[in-house]
Amino acid sequence: MSRVLSELALEKELPWHFAQGVSYHCLSWGDVDSLTYFRVIVKQQHIKYALISTWCMASEDIDEIRSWIEKGYIDRVDFYVGEIFKASYLKQYNELINLCRELGGRVVMFRNHSKIMAIFGDKFDAVIESSANVNTNPRTEQACITIDSELAQWYKEIFDGVYSFERNFDDVKPAVI
């Protein structure tokens, strides 16, 4: 129910169609996670590629992303997680590994605490920069959605160059946009 309320709150505050070159700044009181911002973009267009960088995420978040890929809303997602992810969130780590092995993409584990999503879509490219992880945290969080291809590409190039501690997706090349 909290996810539905978060999504409805965002739909009330954000425009339905984003404008090129505009940044939308948001402040929530712990009721909106980064995936909710991503969901707003998925509703507007087909996503060719996305990178998701987070410290942690829940199984229900992974299930939702998996469903988007299986339904054809997203073609590919690469996940960038912190070095604690496997030890602290083993179940979710294994779920990400399985998702990427089955549906494409890769999991990169490194010294990471950034919460970034770079999204490349049919209509526009976007970046979500947030203090929030993919999962909900009951604390005040800020986020900025920027509709800008150059910024999305800038983040993609940086993350494409990161090597995983695990080295289990070295055979999977970065997505070509």
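## Salt bridges

The structure holds 14 salt bridges. It is a predicted model, and the contacts described below are read from its atoms. Side chains of opposite charge can pair when their charged atoms come close.

One of the salt bridges joins the side chains of Asp78 and Arg106, with 3.3 Å from N to O. Asp78 belongs to strand S3 (residues 77-82), while Arg106 sits in the loop between helix H5 (90-103) and strand S4 (107-110), so the bridge ties together parts that are 28 residues apart in sequence. Asp78 and Arg106 are both buried. For Arg106 the relative accessible area is 6%, and because buried means under 20%, this residue falls in that class.

Arg106 also forms a salt bridge with Asp160, where the closest N and O atoms are 3.7 Å apart. Asp160 is in helix H6 and Arg106 is in the loop between H5 and S4, so this pair ties together parts that are 54 residues apart in sequence. Arg106 therefore has a salt bridge to Asp78 in strand S3 and another to Asp160 in helix H6.

Lys86 and Glu166 form a salt bridge whose closest N and O atoms are 3.0 Å apart. This pair links distant parts of the chain: Lys86 is in helix H4 (residues 85-88) and Glu166 is in the segment after H6, 80 residues apart. Lys86 is partly exposed, with a relative accessible area of 32%. Glu166 is partly exposed as well, at 29%.

The segment after H6 also contains Arg167. This residue has a positive phi of about 60° although it is not a glycine. Its relative accessible area is 45%, so Arg167 counts as partly exposed.

Helix H2 (residues 34-44) is mostly covered, with 10 of its 11 residues buried. Among the buried residues are Leu35, Tyr37, Phe38, Val40 and Ile41, and also Arg39 and Gln44. Arg39 is part of a network of salt bridges that links it with Glu7, Glu11, Lys43 and Glu64.

At the start of H2, a side-chain oxygen of Asp33 comes to within 3.2 Å of the backbone nitrogen of Leu35. Ser34 lies in helix H2 and is buried, with a relative accessible area of 4%. The side chain of Ser34 has a polar contact of 3.4 Å with the side chain of Ser130. A polar atom of the Ser34 side chain also lies 2.9 Å from the backbone oxygen of Ala132.

## Aromatic rings

A pair of aromatic rings is described by the distance of the centres and the angle of the planes. The model contains 10 aromatic pairs. In one of them, the rings of Phe85 and Tyr89 have centres 5.5 Å apart and planes at 40°, so the pair is tilted. Phe85 is buried, with a relative accessible area of 0%, whereas Tyr89 is partly exposed at 26%.

Tyr155 and Phe159 form another tilted pair, with 6.5 Å from centre to centre and 40° between the planes. Both residues lie in helix H6 (residues 149-160), 4 residues apart, which is about one turn of the helix. An α-helix has 3.6 residues a turn, so residues three or four places apart point the same way. Tyr155 and Phe159 are both buried.

## Charges over rings

Two further contacts bring a charged side chain to a ring. Arg101 lies over the face of Phe169, 4.0 Å from the ring centre. The charged end of Lys156 sits over the ring of Tyr49, at 5.4 Å from the centre of that ring.

## At the surface

Val4, Leu5 and Leu8 make a nonpolar surface patch of about 280 Å². Leu8 is in helix H1 (residues 2-13) and is partly exposed, with a relative accessible area of 49%.

Glu70 lies in helix H3 (residues 59-70). Its relative accessible area is 51%, and because exposed means over 50%, Glu70 counts as exposed.

Methods:
Residues are numbered from 1 along each chain as its sequence is written. This is a predicted model: local features need pLDDT of at least 70, side-chain atom pairs count only at pLDDT 80 or more; totals for chains, interfaces and linings use all residues. Side-chain values use heavy atoms; hydrogens and water are left out. Rings of Phe, Tyr and Trp (its six-membered ring) pair if their centres lie within 6.5 Å; planes under 30 degrees apart count as stacked, over 60 as edge-to-face and the rest as tilted. Buried means under 20% relative accessible area, exposed over 50%, partly exposed in between (1.4 Å probe, protein chains only). Helices (H or I, at least four residues) and strands (E, at least two) are DSSP runs, numbered from the N terminus. A charge sits over a ring if NZ of Lys or CZ of Arg is within 6 Å of the ring centre and within 35 degrees of the ring normal. A polar contact is a pair of N or O atoms within 3.5 Å; within protein, one must be able to donate a hydrogen and the other to accept it, and residues adjacent in sequence count only if both atoms are side-chain atoms. Patches are made of residues with over 30% relative accessible area and no salt bridge: like charges are joined within 9 Å, nonpolar side chains (Val, Leu, Ile, Met, Phe, Trp, Tyr) within 5 Å. Accessible areas come from the Shrake-Rupley method with a 1.4 Å probe; for residues, only the protein chains shown count as cover. A salt bridge is a side-chain nitrogen of Lys or Arg within 4 Å of a carboxyl oxygen of Asp or Glu.
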